[in-house]
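Please read it alongside the sequence and the coordinates shown here.

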Amino acid sequence: MNWNGTRVLVTGGAGQIGSHLVARLASYGAIVTVADNLWRGKKSNLFDDDGKPVIDLSRNFFELDLTDPVNCQRATEGQDVVYHLADVVAGINYVFGNQFSLFNANLLIDSNMLKASIANGVRSYVYVGTACSYPAERQSKLNPPLFKEADVYPASPESSYGWSKLMGEMSCELAMKEKLLDIGVLRFHNVYGPHCEMSPEKSQVIPSLIRKALRHPQEEFVVWGSGKQRRAFVFVQDVVDALEAVLLKGMNQGAIQIGPDYSTSIKEIAECVRSISGKQIDIRYDTTKPEGDVDRAADWSKARDILEWSPTTSIESGLERTYAWCERQVFEQVGQAG
Ligand SMILES: NC(=O)c1ccc[n+]([C@@H]2O[C@H](COP(=O)([O-])OP(=O)(O)OC[C@H]3O[C@@H](n4cnc5c(N)ncnc54)[C@H](O)[C@@H]3O)[C@@H](O)[C@H]2O)c1
């Protein structure tokens with residue numbers, strides 16, 4: 001595809017996944033605009049390693065709350081392609097403590113964004129769902145069968161986050177059936193990598209463990225739950241490969257799952273993070289805290305067949321790269337404070 005001059009909106013483009021996608025598409029010559037309310041994203045994610053902004057932030061960055069339909073109209077005007085990545089995403093602590101407000105916000109964002117994109121004649125629209133939408137009872141034991149895309153129904157996700165993201169998929173399916181615009185839907189497993197949120201309030205498990213290791217011994221290295229819970233972790237650059245490929249090869253073909261066909265336990269992640277840190281750390285497992293679904297992984301044959309995608313980054317290499325990025329953030333914060 002010739003990206004040169006293509007007008008692309010990335011919602012949530014200051015977030016973990018969106019910011020990497022923005023950098024990649026801008027490097028191909030696309031005119032990339034970001035809409036993000038900075039609830040979890042950061043403008044600093046839109047700078048490269050040399051400190052240069054990857055897009056023209058004064059013209060192409062809009063701090064907008066996309067729960068508001070007027071803002072969605074404004075953001076989508078004149079765009080050829082919309083990658084809709086903005087939604088309320090956070091760790092288990094936030095998700096289970098804010099079920100109603102999170103559900104409500106994501107329904108508004110997803111519904112308003114799709115409607116505005118149709119109204120403004122956007123050619124291609126990409127939506128991202130989540131493995132958290134799979135039925136809770138099918139991931140309640142260790143080593144369950146690999147998920148196929150169709151296993152999402154009959155629906156019974158564990159959290160309102162999983163439900164909200166599934167409703168987003170459903171509205172895309174309806175618009176696709178009525179041929180209102182070209183739609184690509186990817187369903188991600190657990191994404192990790194640089195540009196992650198590290199705060200105790202909103203971070204997901206990997207950045208949270210890395211923060212605890214970096215701050216150790218000031219912060220105790222506590223794992224929520226038994227550590228036996230397992231997830232199919234996928235590195236952010238592998239996810240961006242899929243986002244790039246879906247526009248070329250995966251439009252109007254239903255949801256395509258993105259994640260490896262093996263899972264890694266949180267205990268294994270914690271031990272790997274400890275080993276990368278090089279510190280003497282005692283890991284404490286707090287079984288009074290929720291740990292979510294027990295185990296899941298992806299049958300990614302649809303992604304292989306349609307997108308020619310495969311997960312290429314090993315968990316060890318991905319964790320090392322994520323740790324190095326997080327370490328720089330912590331050093332910079334300490335430097336600024338001093
Ligand atoms: N990280 C994962 O493990 C994972 C897994 C499956 C699916 N996803 C999906 O991928 C997408 C991107 O996730 P991410 O990991 O980059 O998370 P992220 O939180 O880093 O990115 C989401 C972005 O949306 C923005 N946002 C939130 N509410 C908004 C609002 N009302 N208006 C405008 N912007 C708003 C946030 O500020 C953030 O920058 C999300 O749709 C998420 O559901 C993520």
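The phi angle of Asn 143 is positive, near 60°, although the residue is not glycine. Asn 143 belongs to the loop between β5 and α6. The model is predicted: local features need pLDDT of at least 70 and side-chain atom pairs count only at pLDDT 80 or more, while totals for chains, interfaces and linings use all residues. Residues are numbered from 1 along each chain as its sequence is written.

A positive phi also occurs at His 195, a non-glycine residue with a value of about 75°. His 195 is placed in the loop between β7 and α7. Is His 195 buried or exposed? His 195 counts as buried because 22 C-beta neighbours fall inside 10 Å.

## Cis peptide bonds

Tyr 153 and Pro 154 are joined by a cis peptide bond with omega near -5°. Pro 154 is situated in the loop between β5 and α6 (160-177), the loop that also holds Asn 143.

The peptide bond between His 216 and Pro 217 is likewise cis, with omega about 10°. Pro 217 lies in the loop that connects α7 (205-215) to β8 (222-224).

## The shell around the ligand

How many residues surround the ligand? The shell comprises 30 residues, and the closest are Gly 12, Gly 15, Ile 17, Gly 41 and Phe 188. A residue is near a molecule or strand if its C-beta atom, placed from the backbone, lies within 6 Å of it. By class, the shell contains 15 nonpolar, nine polar and six charged residues. Ala, Val, Leu, Ile, Met, Phe, Trp, Tyr, Cys and Pro count as nonpolar, Asp, Glu, Lys and Arg as charged, and the others, Gly among them, as polar.

At least two shell residues come from each of α1 (16-27), α5 (99-119), β5 (124-130) and β7 (190-192). The largest share, three residues, is supplied by α1.

Val 185 is part of strand β6, residues 182-188. Val 185 counts as buried because it has 24 C-beta neighbours inside 10 Å. Leaving aside residues up to four places away in sequence, Val 185 touches Tyr 127, Gly 129, Glu 169, Cys 172, Gly 254, Ala 255 and Ile 256. Two residues are in contact if their C-beta atoms, placed from the backbone, lie within 7 Å. Val 185 and Leu 243 are separated by 58 residues in sequence and by 9.3 Å in space, C-alpha to C-alpha.

The axes of α5 and α6 come within 8 Å and cross at roughly 15°. Axes are lines fitted to C-alpha atoms, for helices over the stretch in contact, and angles run from 0 to 180 degrees between N-to-C directions. The two helices α5 and α6 are therefore roughly parallel to each other; angles under 35 degrees count as roughly parallel, over 145 as roughly antiparallel, 65 to 115 as roughly perpendicular and the rest as oblique. The crossing of α5 and α6 is right-handed, meaning that the near helix is turned clockwise from the far one by less than a right angle, with anticlockwise being left-handed. The contact includes Phe 100, Phe 103 and Leu 107 of α5 and Tyr 161, Trp 163 and Met 167 of α6. The contact of α5 with α6 has eleven nonpolar, seven polar and two charged residues.

Helix α3 (residues 69-76) also packs on α5, their axes coming within 8 Å and crossing at roughly 45°. That angle makes α3 oblique to α5. The crossing of α3 with α5 is right-handed. Pro 69, Cys 72, Gln 73 and Thr 76 of α3 meet Asn 112, Met 113, Ala 116, Ser 117 and Ala 119 of α5. This contact of α3 with α5 divides into five nonpolar, four polar and no charged residues.

## Packing of α7 with α9

α7 and helix α9 (residues 266-277) pack at an angle of about 35°, their axes lying 10 Å apart. The crossing of α7 and α9 is right-handed. In α7, the residues in contact are Val 205, Ile 206, Leu 209, Ile 210 and Ala 213, and their partners in α9 are Ile 266, Ile 269, Ala 270, Val 273, Arg 274 and Ser 277. Nine nonpolar residues, one polar and one charged make up the contact of α7 with α9.

Note on methods. Helix = DSSP H or I, 4+ residues; strand = E, 2+ residues; numbered from the N terminus. Buried ≥ 20, exposed ≤ 12 C-beta atoms within 10 Å, placed from the backbone.
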